[in-house]
Amino acid sequence: QTCNQHNAEAPILERAFFRMAQTEPNLDHDVSWFLLPPNWAKMLVGLISLLCFVNSYDGDFVFDDSEAIINNKDLRAETPLGDLWHHDFWGSKLSSNTSHKSYRPLTVLTFRINYLFAGGFHPVGFHVINIILHCAISMLMVDVFSILLGGLQFSNKGRRLNLAPKTSLLAALLFAVHPVHTECVAGIVGRADLLCALFFLLSFLGYCKAFREHKEGHHFSLFWVLVSVLLGAVAMLCKEQGITILGLNAVFDALVINKLNVLEFVQKLLHKEKSLENSGLLRKGLLFRVTLLLSGGASILYIRWRIMGTGPPAFTEVDNPASFAESPLVRAINYNYYYSLNAWLLLCPWWLCFDWSMGCIPLIKSVSDWRIIALAALWFCLIGLICQALCSEDSHKRRILTLGLGFLIIPFLPASNLFFRVGFVVAERAIYLPSIGYCILFTYGFSLLSKKAKKKKILAAAVLGILLLNVMRSALRSSQWRSEEQLFRSALSVCPLNAKVHYNVGKNLADKGNQTAAIKYYREAVRLNPKYVHAMNNLGNILKERNELQEAEELLSLAVQIQPDFAAAWMNLGIVQNSLKRFEEAEQSYWTAIKHRKKYPDCYYNLGRLYADLNRHIDALNAWRNATVLKPEHSLAWNNMIILLDNTGNLAQAEAVGREALELIPNDHSLMFSLANVLGKSQKYKESEALFLKAIKANPNAASYHGNLAVLYHRWGNLDLAKKHYEVSLKLDPMAPGTKENYSLLRRKLEQLQKKGE
């Protein structure tokens, strides 16, 4: 559908619109840079962006990938697709008090498709899609920058003209190679930002298509305006920032389509001049289109609010300490300092970190803090740019600077803490979209310098040098994102005061079995943040395994004192108290853990072990049964039930439980072994033998498997096979308990039989 706005001035305006690019200065005129055909320019941008990040294609799942992908049940086929629309990005119900309210169902859907096509959690496919998305976005940026820098004009055939081929290529290259984008490309959870950016740009380009037809009078396509709103909604369903494109489309409409002089308009508005009635607002349908954009945006936000619920997300002080400051002045100062750090990352992306929380950026609490200089520098630059954007007599400069500032600031607003508290201090992923504005301002600055510079080639060489440095930095940074060890260690030099960095290095070392080194980093994390309960919990666990029970108990007790609802710490405290033979306290700790996390199979398992130690067999069986109900694949709980029933002479019940367990976990060799023992005692030798052999095939180096099979053959009277498996068992474990004695008995029996035979 096409909407027409007629008035007496329309023919004149139509001609003016076609002459727009010719009457304004051409940015490319004084720029010494490459001139390529549009398709070649896009191919170059795509290839260079690929060069920057291709080495991350075979990286692991790192950092937040574990929670968003590996532990996210929404990716699995058994989860109904409809659940994606009621869960947050991490797979939690939006109605839950612990939900971060990050509603990104379309991003999670792409993860699910990745998972299904890959046949499991294989990171290569996930990484490849991220790289392809960034390349596609970078190529689209050539078109976007050609409009933002050169204006919007169409040929008689309705084809859009690229009026700034050199500067749009430069800006797109700057965007493609910027190292701050590494987190979004090399970190799989950055898919949210990439998809959001893709639909963000498509919404913008769709809005531009609304002005493709220009006949008599000024026309615009209502269809493409509505498509733009729809694409903005899709962008928001990928990540919250996507909704900001509707505001940017309105800004673009006012500045480029209507050539609105913002300062002049505000002055007329304040003086209530009648000339407003004939202004571009009404003359070209701007007011109507802005109303469509605003009503569309408001509707989208309302639906999002209804789905999310009225409660805000729950964040802790360590996530965003400035937002918890009591003084509004301290909050304002620190928020502005965070803005300056984001600006610095765009200007000089050398110091990059996967996480900027937990003491990485100490709060500014006094105006005497030297970091106040950063705030002053930021606002000095911003005010200067805003003044030029509003007051310059050059309409071309006003338009480009306003668009540059708009694309820099408006997409950043959801991360600014101005409207709601966010769960981070600085996040490199949050400036993926705002970097578009930075690229506009950088390119425009380069064109102004080129205009005044006598040696343009030297200036062009300097910019080329910046691009090459960024390519190298992006390639290095993306290689650091390939594994958690490299990623976490790279952060130590950037944020040595960040407790989370030390915690993650320690956790990575602990996972690799290097407990001594892990303890060092966990202790440093606790020193930097004495209330870091997760570091206390993990350190307490390691100390428990090293039998340093006293210190482990102190740490875990402190953790639950700081965070009384920390279920995992309560469970681990119970394990330590059980080891210290303080059974009543251990039982109380386990029940407290279950109180705070009702579906806690591991805690029920440990509670069952406690009851077994106290010979409370019925309670132990009930606890283990609860563990298997909550987690049917809980092999240890099933095994303990079988063993306890076996040891107490309940062979029939033990057999029934064993068969039930193997139906649920058919390839678990430990369950085969336990059930085989029960069947052997029940004189079901053939079935027992089959299970023993199956268990040995799955785990041929288990000495006990061979030893118990030998006992079965011994009982069964198959002495030669018994002798063979006793010998295999002793070869695997010469100190195997009971096997030596049984083997000696068998040898004596064989000798006796041999003598009788003689």
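Visitor: Are Phe-673 and Tyr-705 buried or exposed?

Guide: This is a predicted model, and in it both Phe-673 and Tyr-705 are buried.

Visitor: How is a pair of aromatic rings described?

Guide: The distance of the centres and the angle of the planes describe a pair of aromatic rings. Phe-673 and Tyr-705 form a stacked pair, 4.6 Å centre to centre with 20° between the planes. Phe-673 belongs to helix α31 (residues 669-681) and Tyr-705 to helix α33 (residues 703-716), so the pair ties together parts 32 residues apart in sequence.

Visitor: What kind of aromatic pair do Trp-591 and Tyr-604 form?

Guide: That one is edge-to-face, with 6.3 Å centre to centre and 85° between the planes. Trp-591 is in helix α26 (residues 583-596), while Tyr-604 is in helix α27 (residues 601-613). Trp-591 is partly exposed because its relative accessibility is 38%, between the 20% and 50% cut-offs. Tyr-604, at 11%, is buried.

Visitor: Which residues form one aromatic cluster?

Guide: Among them are Phe-61, Phe-89, Trp-90 and Phe-111. Arg-104 lies over the face of Phe-89, at 5.0 Å from the ring centre. Phe-89 is also included in a separate core of 13 residues.

Visitor: Where does Asn-72 lie?

Guide: Asn-72 is in the loop between α4 (65-70) and α5 (105-118). Asn-72 counts as buried because its relative accessible area is 0%, under the 20% cut-off. A polar atom of the Asn-72 side chain lies 3.2 Å from the backbone oxygen of Phe-89.

Definitions and conventions:
Residues numbered from 1 in each chain as written. Predicted model: local features only at pLDDT ≥ 70, side-chain atom pairs only at ≥ 80, totals over all residues. Heavy atoms only, no water. Core = buried A, V, L, I, M, F, W, Y, C linked by side-chain atoms within 4.5 Å. Buried < 20%, exposed > 50% of the residue type's maximum accessible area, 1.4 Å probe, protein only. Helix = DSSP H or I, 4+ residues; strand = E, 2+ residues; numbered from the N terminus. Polar contact = N/O pair within 3.5 Å; in protein donor to acceptor, adjacent residues only side chain to side chain. Phe/Tyr/Trp six-rings, centres within 6.5 Å; stacked < 30°, edge-to-face > 60°. Lys NZ or Arg CZ within 6 Å of the ring centre and 35° of its normal.
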